[in-house]
Amino acid sequence: MEQPVIRSFEKGETHQATELEQAVWGSATPPQQFLTAMKNGGLLIGAFIGDRAVGFQYSFAGFDGKRPYLCSHMLALLPEYRHSGLGAAMKRYQAELAKEIGYDLIQWTFDPLESRNAYLNIRKLGGMVCTYWEDCYGEMKDPLNAGLPTDRFRLDWWIDSQRVTDGIRQPELDEAHPYTVSASQSGQPVLDQPGKVPVAEAIIVPVPADFQEMRKEDMALAIDWRLKTRQIFTEAFKKGYVLADVRRKDGRLNEYVLIRNEHVPL
């Protein structure tokens, strides 16, 4: 497979981002919206084979009343280019361009139970999470979200931090493993009823390794995971924990490492 070239879209190419969005997400941002964002602190980055875009990343200027940041809204790749490292490469190019125009923070949201995305966003890229938004987008009917509350993590990517530039180096901490998992009749993992979030240097939270497979096979179980982990993460963030690392465990589960804020090295 030919290796795509990553670069910014040019003015006459933005319609390709609209077409890719329609193909991947079932929605369509007008090309003129992309152009307006690009002229006002936003970025539109593409992965190109020749003149053909096979993926895009869209971000626009954000401000929360305290500081400006780049709001990274959407990343989409055609199916044959997923799981190839291209998404991570596009994010790193995004960080380079963001620094050039003065940003030090990029934020975006992702599903808390999509642990493959979490592995990229946190373990590979060095982002951190301490914010949980319940039913962030309301009801969505696309194939990835239909039937589920659209809860989201907000990820903070401090692009000048050491954990981003040099990689994650977590300190050795005493870890609590307060959450247990059993198995359904079909072999899918079931999160047992969680108690209160304990006080520890770090806590480990199990999450499904393939949430979309679970969702397709057993929607009730997927909703059960959503509601139970919502309880865990909401309470943990209120108590000062930060989601700072992701571990691949086995074919069924991955693990989120939540660390007390004072122990998180930047």
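**Salt bridges in a predicted model**

Let me begin with arginine 152, which counts as buried at 6% relative accessibility, where buried means under 20% relative accessible area, exposed over 50% and partly exposed in between, with a 1.4 Å probe and protein chains only. What we have here is a predicted model, in which local features need pLDDT of at least 70 and side-chain atom pairs count only at pLDDT 80 or more, while totals for chains, interfaces and linings use all residues. Residues are numbered from 1 along each chain as its sequence is written, and side-chain values use heavy atoms, with hydrogens and water left out.

Arginine 152 forms a salt bridge with aspartate 111, the closest N and O atoms being 3.8 Å apart; the term stands for a side-chain nitrogen of Lys or Arg within 4 Å of a carboxyl oxygen of Asp or Glu. Aspartate 111 lies in the loop between strand S5 (105-110) and helix H4 (115-124) and arginine 152 in strand S7 (residues 152-158), so the pair ties together parts that are 41 residues apart in sequence. Helices (H or I, at least four residues) and strands (E, at least two) are DSSP runs, numbered from the N terminus. Aspartate 111 is buried as well, at 7% relative accessibility.

Turning to another pair, aspartate 151 forms a salt bridge with arginine 230, with 2.7 Å between the closest N and O atoms. Aspartate 151 is buried at a relative accessible area of 0%, and arginine 230 is buried at 15%.

Finally, Glu175, Arg247, Lys249 and Glu255 are linked in a network of salt bridges, and by the rule I gave, the count comes to 16 salt bridges.
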